[in-house]
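Hi there,

Here is the structure I promised to hand over. Have a look first, and my notes follow below.

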Amino acid sequence: MTKKLTTLFALAVASVTAIATAHAAEVQGDAQAGAKKTAMCTGCHGIPGYQATFPEVYKVPMIAGQNAKYLAAALDAYRKGDRRHPTMRGIAASLSDQDIADLAAYYEQLGKSQTGNTELPAKPRIEPKPQVAALLQKAACVSCHGDNFSKPIDPAYPKIAGQHADYLFVALKSYKAEPNAVFGRANPVMGGIAKQFSNAELKALANYVGSLDGELRTVPEPRFR
């Protein structure tokens with residue numbers, strides 16, 4: 001990492017941790033309450049293989065098993081406009097702080113109910129090719145997402161191992177996007193990292209991380225099973 005990225009990374013860790021801790025102390029999520037609030041979520045995130053079509057075709061992310069703090073932070077970012085996907089912004093705008101906390105708690109425990117007590121290895125079973133290893137080192141991905149990309153240094157950061165590769169690619173490109181009303185994500189650390197790479201390099205990173213064992217799942221609602 002360059003000195004600039006190292007500074008940004010350190011500031012971001014402190015900032016995200018402080019915000020997430022304050023939010024957690026303020027609003028406690030109730031998974032049982034969250035189970036009753038998923039109507040706007042299941043139409044995309046509860047259907048295996050479901051694809052979004054904006055800004056391109058890609059599988060919507062798996063969110064069952066994701067860290068509750070990260071899910072809450074992501075929804076809040078859509079609500080504030082730091083993430084500018086129009087559908088997610090519209091949904092997040094309708095949610096209260098309590099709704100967000102409840103949904104985040106529900107989806108975190110939903111994934112755990114699917115994976116049981118199975119522990120992922122400390123290091124990925126699949127070794128990256130040398131070119132990809134160099135990209136991972138340059139991006140310092142493990143500094144936030146953990147050595148196996150499924151145990152972030154703070155639960156306000158996402159698990160990414162095994163996430164749909166096409167979604168990861170779109171997400172990474174969104175950090176490079178110039179600000180506009182309907183696309184892009186405002187995040188100084190991820191923006192600084194993603195802008196170092198070509199789209200081909202970002203795709204290589206996404207394909208590798210997406211190939212790994214992970215804890216994320218798409219869990220259909222009973223009526224979809």
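Helices (H or I, at least four residues) and strands (E, at least two) are taken as DSSP runs, numbered from the N terminus. On that basis the protein chain has eleven helices and two strands, in the order α-α-α-β-β-α-α-α-α-α-α-α-α from the N terminus on.

Before the details: this is a predicted model, where local features need pLDDT of at least 70 and side-chain atom pairs count only at pLDDT 80 or more, while totals for chains, interfaces and linings use all residues. Residues are numbered from 1 along each chain as its sequence is written, and side-chain values use heavy atoms, with hydrogens and water left out.

Of the 225 residues in the protein chain, 46% are buried (under 20% relative accessible area, 1.4 Å probe, protein chains only).

D102 is buried, at a relative accessible area of 2%. Its side chain makes a polar contact of 2.8 Å with that of Q98 (a pair of N or O atoms within 3.5 Å; within protein, one must be able to donate a hydrogen and the other to accept it, and residues adjacent in sequence count only if both atoms are side-chain atoms). Leaving aside residues up to four places away in sequence, D102 touches Q28, G29, D30, A31, A33, G34 and K37 (heavy atoms within 4.5 Å).

With contact defined that way, residues 24 or more positions apart supply 73% of the protein chain's contacts with a separation of 6 or more.

Enjoy exploring!

Notes:
Buried means under 20% relative accessible area, exposed over 50%, partly exposed in between (1.4 Å probe, protein chains only).
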